[in-house]
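Here is a brief report on a predicted model.

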Amino acid sequence: MSSRRGTELSRAVMDLARRQGAAPELMYVVDLPGYEVSEQSVGVINDDGFGAVYTSPDGKRVELRIDRGPYVRTGTCERDGGGWYAVNGGEQEYVAVRKDHHIRLICPVGQVDRAVLKQAAQGARPATGTGPPAPSPPAPVERGDLPRNGDAAPIRRRGPGG
């Protein structure tokens, strides 16, 4: 495997995120020294954005969020190169602004050096997926002992209370 081990997503996880509603063009990965993507955290955010959590061996977490539209600044925020650095409520984030979306890396203040966050966010690249695709979801099972949609008759109870 490449030197980017731990930063790539499996194709199966990407397929699952797409089925949840994440737009393929908003699926990114980052290189964050000492952290690996936690595939079980991958999914859709907001309407069609993308999110994942990167974890370190000692349990520290950095959240990656990609969403459409302009970045809405909160807390103490300052321009930094082509993006923004913000601190709000004990968390810091670096935001790389792209044409129609923004890429955020969020973690507790001081957990990751600001320059490292900036480099990782600005260096975010589209996820390409590794390995085989996810199997298609199973088709619904037809059961002859159950009525089909629209064929169900109202249930009438007999006896006390019915």
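## The sheet

S7 and S8 form an antiparallel pair over seven bridges. Across from Cys 107 in S8 stands Gln 92.

Seven strands make up an open sheet, in the order S2-S3-S4-S8-S7-S6-S5, with antiparallel pairing. Strand S2 (36–45) and strand S5 (76–80) stand at the edges. Each has a single partner strand, so one side of each is left without a neighbour in the sheet. From one strand to the next, the twist averages 20°.

## Helices on the sheet

Helix H1 (residues 11–20) lies across S2 and strand S3 (49–55). H1 runs at about 20° to S2.

H2 also packs on the sheet. H2 touches S4, S5, strand S6 (83–88), S7 and S8. The direction of H2 makes about 35° with that of S7.

## The buried face of H2

Helix H2 spans residues 114–122, and its buried residues are Leu 117, Ala 120 and Ala 121. Seen down the axis of H2, these residues fall within an arc of 95°, so they line one face of the helix. They pack against strand S4 (61–68), strand S7 (91–97) and strand S8 (101–108).

At the start of H2, Asp 113 contributes a side-chain oxygen. That oxygen reaches to within 3.0 Å of the backbone nitrogen of Ala 115.

## Arg 125

Is Arg 125 buried or exposed? Arg 125 has a relative accessible area of 15%. The cut-off for buried is under 20%, so Arg 125 counts as buried. Arg 125 belongs to strand S9 (residues 125–126). Its side chain makes a polar contact with the side chain of Asp 31, at 3.2 Å.

Methods: Residues are numbered from 1 along each chain as its sequence is written. This is a predicted model: local features need pLDDT of at least 70, side-chain atom pairs count only at pLDDT 80 or more; totals for chains, interfaces and linings use all residues. Side-chain values use heavy atoms; hydrogens and water are left out. Buried means under 20% relative accessible area, exposed over 50%, partly exposed in between (1.4 Å probe, protein chains only). Helices (H or I, at least four residues) and strands (E, at least two) are DSSP runs, numbered from the N terminus. The arc is that of the directions from the helix axis to the C-beta atoms. Contact means heavy atoms within 4.5 Å. A polar contact is a pair of N or O atoms within 3.5 Å; within protein, one must be able to donate a hydrogen and the other to accept it, and residues adjacent in sequence count only if both atoms are side-chain atoms. Two strands pair if DSSP finds at least two bridges between them. Axes are lines fitted to C-alpha atoms, for helices over the stretch in contact, and angles run from 0 to 180 degrees between N-to-C directions.
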